[in-house]
Amino acid sequence: MASRPADRPRSRTGPRDWRAFLDSVAGIDPSSIQAARDKLNEGRARIEESFRDGAHVDALVGARSALVDAILINAWDGLVDTNDACLVAVGGYGRGELLPHSDIDLLILYRDGTLDAVGPALERFLTHLWDIGLEVGHSVRSPAECAQLASDDITIMTNLMESRALAGDAALFAAMRAATSVEHIWSSAAFFKAKVDEQQARHARYDETAYKLEPNTKESPGGLRDIQTIAWVAKRQFAAHTLDGLVDYGFLSDREFTELKRGQAFLWRVRFALHTLTDRAEDRLLFDHQIQVAQMLGYEDEQNSLAVEQFMQRYYRNIKALTALNDILLQLFSEAILHYGESERPRAINERFQSRHGFIEVTGDDVFVNTPSALLEIFYLMQTRPRLTGIRAHTLRLMRRDRHLIDKNFRSSIHCRRLFTEILRQRSGVTRALRRMNRYGILGRYLPNFRKIIGRMQYDLFHTLTVDEHTLFVIRNLRRLVLPRFRHELPFASELMQSLNKPQILYIAGLMHDIAKGRGGDHSELGAKDALEFCRDHGISSDDTDLVCWLVRQHLLMSMTAQRRDINDVQVVNEFAREVGSRERLDRLFLLTVCDIRATNPNLWNSWKESLLVDLYTSTRRALERGLDDPLNEAELIAETRSAAAAMLTRTRVNTPLFKVVWARFEPDYFLRHSPEEIARQTRAIVTHDGDGPLVTLAEITDQGSTLFVYSRDRNYLFGVATGVLAQLGLSILDARINTTSDDYTLDTYVICESGGQPITDAFRRREIEDTVRAAIADPAVESIDVTRRASRRSRYFNVPTQIYFSEATERACTVMEVVTADRPGLLSIIGDMFYRFGILLETAKIATIGERAEDVFFITDREHEPIRDRDMRSRIREALTTELDKNGP
């Protein structure tokens, strides 16, 4: 990797001979569209070339603004023959900060009563700008109109604050500035409140986090808009026209100013690269662009880290630092603007800390120097005193100054270790404390291996947050299970969590489960070693240490078993029970798995996923209670399921002879793969079916989701047609179970949802699905479905080569075929068609979409219901299916 590419020394001079080039712009004929266009294009090309050559972005941003200045002033001087107007740059252009495709916002001021007279000249000027390819946004107002509009709109007020006169009558500009000054409209206090509210609303639109897969470099928390908010408040209150003015006023230290400017320059370079790459005003770091932007900024792949992952980690760490500075400055501004002159006597907490205005602060500037453990104590005190709403800005600044004191000696201190474990043991505020520790750079210094995952992203569509944010979300999810007010979210898991003692054991496991991501090797094994060291250092008992390490090592076991194996098979359950070994481990693994999945990707979690885990948990608990020496057997389970289903049918007045005749046609596996409730519901539908064509019913099942049941005489291409119709209707298939009867009927059950993960609740939509599926499978001429829906925009930027693996199923007489390929609409239909071509029968499919990857598992046999053991046959299936899937990739 290029070492920290964005920090390399760069030329600050901008394009070569730039001053001479700008002088040449003043010499062109103002009426010549071609000459102006050529100069504009030449200037753009020079700036872009300088960017690629490594010129400092500050110089390039200024160069772009100066180029537009020169073009505009030359055109104004030649085309506007009046002294009753003034050309003004506003907004970002008014600041003199333009990237290649930034908005060029202009204000044209006119003297009252002269608009009709100056109008034709202004129209010629604006038309000329469009003709030469300079797209501008403009408004034409008098100074009085500016004041009136600005008094009602904070955005207009902000734009006018950042204005500078370019050409024309400067007296008009002075009049506008006077009319919109703090003495007339928008007092400092009102302006500050409005800007804070504006920032909070903007952050809320981005879910209060910038750690998303595709952040917005301008608008997301920690982005350029946060820096601008600081600058706007400083300008309104203190007349500080540049950020370094905040150093003079004592709001920023020299070190913080350097950090702020470095952060701004990094974001400018990213935006510059985005504008250059897309040839438009693109501020979002979309998947489409991340790899190319990383290359443009000089990042290179390493063994355990892609260039794009290194670049995005730098990006996330950068905005984390800017967010902390934004916190400090806005709080200092609040004290200086909203609470100026107010005095509140501090209330002592202990000799190191006191509270003021609901915020905790140190009693002296040397507290952290004299007592470094206070860097942890402050978070513990906030947990135990709920009335404390935050940390005072000056104390935050001291924490940032002194956090380097968290060194080897600090981490080996028994007192510091006890403080950290006490934070994890508290009944409230655990998540908030860890988030604050991470935000202000304390957590990563206390846990050096955690520091390595801060800002680390994985370039896929599965993990939607950085590893550190994901980890803290896991702990947040665990914490919510403890609190009764969140019980409605996950009643089963909440009840289980609230029955456990020592919940901090799970918090430690959550903190450690992904801590080794990106180091190479198995992150679960490496994380278990980190967990062992942490537990020993922090005085965790040997039994609890063993439990934490096992949870970290096996944190993927339950999700992999539930999603990739047939958990209705007793052998699978018994094998999983032996691996888990105890109820204590099972309870905690279930809870960690639920919270891990919910924190990985919001779209992954649904009622079907929950039902899989609950079913596996329930079956395993029963196996453990029964004893590993007396495992469950299929005959018992079949008998129990049949008995329970029969009781349900009898209660609903379905005669025993009727359903027993139906059941006599079913294979025993049917009673293993379905719950008594499903069997009763499906049997009732079959008994009452008039027999005219296929039976297709869609129901919303509590704790499972939308379940489509298809009962039909078996026919060619049935699986491919059914799944193709569902794909064409914009539905996602979460699970597929295929059962046949002794008289060649098929009972297929699909768990489905809308493509965005939503359940299917609309009655009209349900009828549409039922009717469309029924019509397709009833028509023997329909052998395939042309799925015209396209893959998502994001998935098209990932190359997932098709991989197909075969193995013998230990749990039943069939072959397991695992298909790893790029996810796309109609994938199962393609696979289903291939099954028919090769005479393959499908028993069960385990559908798993991991971001852009489909990792589906099929339990298959030949037409004689025997496993496919012939290696040549497997090779031909693999070759044909790989060719077809790669040909039909997204």
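Student: What makes strands 5-6-7-8 an open sheet, and what sort of pairing does it have?

Tutor: Four strands line up in the order 5-6-7-8, and the pairing is mixed. Strand 5 and strand 8 (390-391) are the edge strands, since each pairs on one side only. Strands here are DSSP E runs of at least two residues, helices are H or I runs of at least four, and both are numbered from the N terminus. Bear in mind that this is a predicted model, where local features need pLDDT of at least 70, side-chain atom pairs count only at pLDDT 80 or more, and totals for chains, interfaces and linings use all residues. Residues are numbered from 1 along each chain as its sequence is written, and side-chain values use heavy atoms, with hydrogens and water left out.

Student: How do you know that strand 5 and strand 6 pair, and in which sense?

Tutor: Two strands pair if DSSP finds at least two bridges between them. Strand 5 (residues 347-348) and strand 6 (residues 353-356) have two bridges and are antiparallel.

Student: Why is Leu285 called buried?

Tutor: Buried means under 20% relative accessible area, exposed means over 50%, and partly exposed is in between, using a 1.4 Å probe and protein chains only. Leu285 has 0% relative accessibility, so it counts as buried.

Student: Where does Leu285 sit, and what does it touch?

Tutor: Leu285 lies in the loop between helix 12 (254-278) and helix 13 (287-296). Contact means heavy atoms within 4.5 Å. Leaving aside residues up to four places away in sequence, Leu285 touches several residues, including Leu213, Pro215, Val270, Phe311 and Tyr315. Glu214 is 71 residues from Leu285 in sequence, yet their C-alpha atoms are 5.1 Å apart.

Student: How do you know that the length of helix 9 agrees with its residue count?

Tutor: The expected span is 1.5 Å times one less than the number of residues. With 18 residues, helix 9 (residues 188-205) should span 26 Å, and its end C-alpha atoms are 26 Å apart, so the two agree. Its buried residues, among them Phe191, Phe192 and Val196, pack against helix 7 (154-161), helix 10 (224-238) and helix 14 (307-337). After helix 9 comes Asp207, with a positive phi near 60°.

Student: What about helix 23: what span should it have, and how far apart are its ends?

Tutor: Its 16 residues (467-482) should span 22 Å, and the end C-alpha atoms are 23 Å apart, which agrees.

Student: What makes you call helix 23 largely enclosed?

Tutor: Of its 16 residues, 13 are buried, so helix 23 is largely enclosed by the rest of the structure.

Student: How many helices and strands does the protein have, and what share of its residues is buried?

Tutor: The protein has 39 helices and 17 strands, and 57% of its 890 residues are buried. Among contacts between residues at least 6 apart in sequence, 71% join residues at least 24 apart. The C-alpha trace spans about 100 × 70 × 50 Å along its principal axes.
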